Amino acid sequence: MKSRKLKHTRRRATVLTAAAASAVAGVALLPTWNAGASTAAEPQVDARTKAAFQKLADAVFTDRTNALIDRPRHSGRKAKADGMSGKVELSSGIGRTEHAARKQLDDRRNRLARNGEKYSAGSTEVTLDRTQVKGRTAVVRVTENTTLTYAKVTGGEPGTTGFQAHHELTFKADRNGSWKVTKIRETADGGLAVNQLAEPKTVSAAAKTTSTTPAAPRAAITRRPPAAPKNLTGGEYDYRAMAAYAEKHWTNYNPAYPDFNGAGAGGDCTNFVSQSLKAGGWKHVPGYVYDYTRWFGTADIQSHSFVGVNEWSWFAQNSERTTSLANVYQMDVGDVLQVDFDKDGSKDHTMIVTSRRNGVPYLTYHSTNTLRRSVTSIISSYPNAAYYAYRT
């Protein structure tokens with residue numbers, strides 16, 4: 001997503017809070033209240049409770065994934081999260097919200113099918129990263145890893161698409177001994193996973209760029225116009241090497257570069273695409289970090305054009321390392337797609353094509369780490385955005 005704030009940060013392991021770490025053997029699954037005191041004791045969370053938190057989170061995001069799977073009409077598949085009740089469950093409000101989310105994803109599945117894309121199977125696994133307890137509130141952070149199998153509609157689709165997303169669930173304990181989910185939110189910049197519904201984050205109006213720097217023309221999103229294929233190897237750039245780098249590091253981040261995910265960091269999408277272009281032969285242009293005609297990135301220092309969405313576009317056009325494509329379906333391996341979600345002229349997200357099958361480009365990106373998502377899926381999720389396609 002938007003890489004405007006360039007504070008260099010890295011992910012660090014998070015230590016459990018004292019309240020969570022003090023759970024000892026013998027603590028019950030449920031919060032316990034001190035019946036002899038005028039004020040109820042604060043609930044405690046043991047390993048079994050945490051496992052129940054994880055199980056419910058897994059059910060929520062598995063249900064979202066299942067809503068995208070092609071299946072016989074009226075199959076009667078019951079939502080897993082709705083079936084969980086008792087000690088750890090959804091609140092009534094979140095239950096309604098998730099029901100609406102699944103309906104929206106079901107509509108998305110139908111739009112994709114009309115455009116020639118279906119998923120025949122899917123799997124979601126949720127791991128528990130951190131649990132913080134304060135009073136009667138538990139804030140649980142989880143990582144979702146989801147894989148979807150492309151149905152062979154045209155016969156040329158890749159095998160799978162996948163993504164990794166981070167979520168935060170808030171649980172509240174009541175006096176009856178039950179934990180209920182009262183809030184679910186995405187913790188990474190984006191909302192760009194296949195089964196996510198959150199509107200992508202954009203920078204505030206105050207941070208929008210007002211400049212006379214190069215402006216790329218928008219690309220049309222009509223279906224599959226003719227496109228001249230690229231020579232992927234043997235030329236100035238090795239486009240297969242770009243794709244191989246991106247598909248190797250879409251979740252396995254290269255420690256030779258900073259990670260710009262996290263609060264205030266701005267997102268890692270453009271940094272990741274620049275690394276991939278560099279792996280395929282783009283050379284550094286040293287200079288002042290704020291000069292958009294310069295482009296360089298190492299472990300210690302990066303130009304704004306290496307890590308910033310708009311700054312990358314300015315460099316790419318000014319240097320003539322790219323040309324603009326008239327249509328997103330003309331993209332081939334190693335080409336770059338940028339999105340302006342609110343059409344205000346300031347671009348918000350950068351992705352790179354790592355596969356092209358039967359006229360459809362498949363994109364890989366960071367900030368909601370994603371592998372081989374079709375441009376059809378992205379357009380179906382964000383039909384009102386502005387798109388910019390670059391031939392590299």
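How many of the 11 residues of helix H5 (residues 269-279) are buried? The structure is a predicted model, in which local features need pLDDT of at least 70 and side-chain atom pairs count only at pLDDT 80 or more, while totals for chains, interfaces and linings use all residues. Residues are numbered from 1 along each chain as its sequence is written, and side-chain values use heavy atoms, with hydrogens and water left out.

Helix H5 is mostly covered, with 9 of its 11 residues buried, where buried means under 20% relative accessible area with a 1.4 Å probe and protein chains only. Among these buried residues are Cys269, Phe272, Gln275 and Leu277. Helices are DSSP runs of H or I with at least four residues, and strands are runs of E with at least two, numbered from the N terminus. The buried residues of H5 pack against the elements in the table, by contacts (heavy atoms within 4.5 Å).

| Element packed against H5 | Residues |
|---|---|
| Helix H4 | 239-248 |
| Helix H6 | 304-307 |
| Helix H7 | 309-318 |
| Strand S7 | 336-340 |
| Strand S8 | 349-357 |
| Strand S9 | 360-365 |

After H5 comes glycine 281, whose phi is positive, near 120°.

Gln275, one of the buried residues of H5, also lines the second largest cavity, together with residues including Tyr253, Asp268 and His366. A cavity is a set of points on a 1 Å grid over the protein atoms alone where a 1.4 Å probe fits but cannot get out, and its lining residues have an atom within 4 Å of a point. This cavity has a volume of about 40 Å³.

Across the protein there are 8 helices and 11 strands, and 54% of the 392 residues count as buried.

Definitions and conventions
Buried < 20%, exposed > 50% of the residue type's maximum accessible area, 1.4 Å probe, protein only. 1 Å grid on protein atoms, 1.4 Å probe; cavity = no way out; pocket = protein on both sides within 12 Å on 5 of 7 lines; lining within 4 Å. Points joined across faces, edges and corners; volume = space filled by probe spheres on them.
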